[in-house]
Amino acid sequence: MNAPMTSFNKPWITSPDGFRVPYEVFTDQSYYDQEQEKIFRGEAWSFVGLEAELPNKGDFKATAIGDTPVIVTRDQEGRIHVFKNRCMHRGAFLVRESRGNAKSFDCVYHQWSFDLTGALRGVPMRRGVRGEGGMPAAFDMANFHLDELRVANLNGVIFATFSETVEPIEDYLGEEIVATVKRIFNRPIRILGDQRQYVHGNWKLYAENTRDPYHGSLLHLFHNTFGLYRATQTGFSHMDASKRHSLLKVRAAAAPTSEAEDKEVYKDVRSYNTEFRLQDPSILAGRQEFDDGSTLIINAIFPNLLLQQIANTLAVRQSVTYAPDAFEIVWTLFGYEDDDEEMQLIRMKQSNLIGPAGLISMEDGEAVEIVHEAVVRDGKKTSVLAMGGGYAESSEHMITEAPIIGFWQNYARYLGLTSDAAK
Amino acid sequence: MDTVAAVTTSQSVATAAMQNDELLKQSTWQGVSVMETQWRVERLLSRYAACIDDDALEQWPAFFASDACRYEIITRENVERGMPLALMFCTSQGMLFDRIVSLREANIYPQRWYRHVISNVLIQSVDEDSLTVQSSYVVFQTRRNGQTDIFSAGKYLDRIVMRDGELKFAEKRVIADTHRVDTLLVAPI
């Protein structure tokens, strides 16, 4: 599988007309294999779940970091652990359900039993049966602790890493992203449920999509169609110092822009139509929840998480990879424990806007697939990222592709690609 | 009028269906024999499927009661966890119309065909105003390259009422066993 990376001198160049990314990065198995080792199993913190998914001792969920299966669990002391979901004996899945509650993890194959801290506690027939068989004298159960990952818990958002050396989560995310996480996870949450979306394309096309403020009002036409969009709302496109993560934010305009101004901005757009009106506008009714008046936060956290606030929809989106041409987006929507009944209904109605059936987000899956299918035999050709100047700098507007360039510069750095872009 | 015990979970449904079929003790509903009621319910479901599969989606909201209705597509995964999150969640006929206008005018997605197969139509309970009906569905999806796959399998849990002599959905819960959506979900199920 692991194709040798003999000539990794790839055409990653910042040309005068923009930053260019070769399409083979989406389709080539060797990139995929390198990503698993150097990003997902490397110097990065990956999202694995929310503490609220594991309210009780013994609760567990099965998930994956990249394509490595892991278990997230809460032990009898209430501590969160993350293990590889693989028995230390012969490699079978320890947990075969997606969720549950357990006193111990018992492999069904030979019933090796591990406690919730990952320690091996039982090996059937270890001392043999009637003096026959059994494990050798040198066998020591202490040597067969489950492969355990480092865990970080930021206000109930659980990250894990295979690395012993990656910086603490607060340093990894940077001040502004930490503040964003803390702002949304400011009090106990209530999980509303999951939505799962299988996409026939490369996971990095979605990493681009979620760092791309340029496409928002052009691909997603729900608001335009119903005469709701305000292109001229104020917003910004920030990155952390390392430029791995991005924070796109829109605030409700202090003074609503005019329809005339919107029409001018959108005069080249295929659909700007104000003849349609929602029959039931209650889908958009909501409350201002946050003091800063933000109506949209799209916070991409390298490598596998998106944290969003769109109106009153709050969600995490986790990317799980399967192959160069397949990944899954796991959407977990939530509100707060203290939501009143009306607020719960607001969140439920607004959930129509997002997810794989979302009126304003369903197109993202399609956007990934139409790129993936089109570039499959053009690996040496490149895309161009130039909107906003063609370099990775934060800006106080949203007419930019800079956060995508930040992602690729880091990607090149993680994979050790020879690239003047990574300088 | 006797009321058959309302059952919602699939396990208790199986028990109810296999043991005493209370519905057979009942002779009529809304002046129509239970046998004809079964036939009318199946006809409603077949017309509903034809409406979607023939891409006559503008007609789709008319299958629902205009005064009060609810439509949702929710995964069995969320139902079994006791969680409310749906994939589509409409609480009025207006929201159904808005879905259709949005997919016709706003949303971007590849052309695909649906083919519904609906079976095992089981009237679970009957009260004066409404029927509770469970059925199984499978939706095949044909992509633009001509390939057909199973897109979603699950059950309908419907509350059906009579309006002006016609059966309408007061509530339609699509409980999808298929909890992983293949790329995107555009048209209703």
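What percentage of the 423 residues in chain A do buried residues make up? In this predicted model, buried residues account for 43% of the 423 residues in chain A, and the chain contains eleven helices and 20 strands. Of the contacts in chain A between residues at least 6 apart in sequence, 66% join residues at least 24 apart.

**Confidence**

- The pLDDT of chain A averages 90, and 88% of the residues score at least 70.
- Over residues 1–8 of chain A the pLDDT stays under 50, and for this stretch the model has nine contacts beyond four places in sequence.
- Where pLDDT is low, the predicted coordinates should not be read in detail.

**Domains of chain A**

- The domain assignment divides chain A into domain 1, covering 46–152, and domain 2, covering 174–422, and the C-alpha centres of domain 1 and domain 2 of chain A lie 36 Å apart.
- The contact between these domains takes eight residues from domain 1 of chain A and twelve residues from domain 2 of chain A.
- On the side of domain 1 of chain A that touches domain 2 of chain A, the largest share, three residues, comes from strand S3 (residues 46–50) of chain A.
- By class, that side of domain 1 of chain A is made up of four nonpolar, two polar and two charged residues.

**Two open sheets in chain A**

- Four strands of chain A, in the order S6-S5-S4-S7, form an open sheet with antiparallel pairing, whose edge strands are S6 (80–84) and S7 (99–101) of chain A, each of them pairing on one side only.
- Within the S6-S5-S4-S7 sheet of chain A, strand S4 (residues 59–65) runs antiparallel to strand S5 (residues 68–74) of chain A and is joined to S5(A) by six bridges, with Val70(A) in S5(A) as the bridge partner of Thr63(A).
- Another open sheet, also described as antiparallel in its pairing, has three strands of chain A in the order S8-S9-S10.
- Strand S8 (105–106) and strand S10 (120–122) of chain A stand at the edges of this three-stranded sheet and have a single partner strand each, so one side of each is left without a neighbour in the sheet.
- Two bridges join S8(A) to strand S9 (residues 113–114) of chain A, the two strands running antiparallel, and Phe105(A) stands opposite Phe114(A) in S9(A).

**Pairing around strand S19 of chain A**

- S18(A) and S19(A) form a hairpin that has two residues between the strands.

**Contact between chain A and chain B**

- The contact takes 36 residues from chain A and 32 residues from chain B.
- On the side of chain A that touches chain B, the elements giving two or more residues are strand S13 (189–199), helix H7 (222–225), strand S19 (326–336), helix H9 (341–350) and helix H10 (363–375) of chain A.
- S13(A) gives the most to this side, with nine residues, and by class the side of chain A that touches chain B has 16 nonpolar, twelve polar and eight charged residues.
- S13(A) also pairs with strand S9 (residues 180–182) of chain B, in the parallel sense and over three bridges, and Gln197(A) stands opposite Val181(B) in S9(B).

**Met348 of chain A**

- Met348(A) lies in helix H9 of chain A and counts as buried because it has 20 C-beta neighbours inside 10 Å.
- When residues up to four places away in sequence are not counted, Met348(A) touches Pro84(B) and Phe89(B).
- Met348(A) and Thr313(A) are 35 residues apart in sequence, while their C-alpha to C-alpha distance in space is 8.4 Å.

Conventions
Residues numbered from 1 in each chain as written. Chains lettered and ligands numbered in written order. Predicted model: local features only at pLDDT ≥ 70, side-chain atom pairs only at ≥ 80, totals over all residues. Contact = placed C-beta atoms within 7 Å. Nonpolar A, V, L, I, M, F, W, Y, C, P; charged D, E, K, R; others polar. Pairing = 2+ DSSP bridges. Buried ≥ 20, exposed ≤ 12 C-beta atoms within 10 Å, placed from the backbone. pLDDT = per-residue confidence, 0-100. Domains from an automatic or database assignment.
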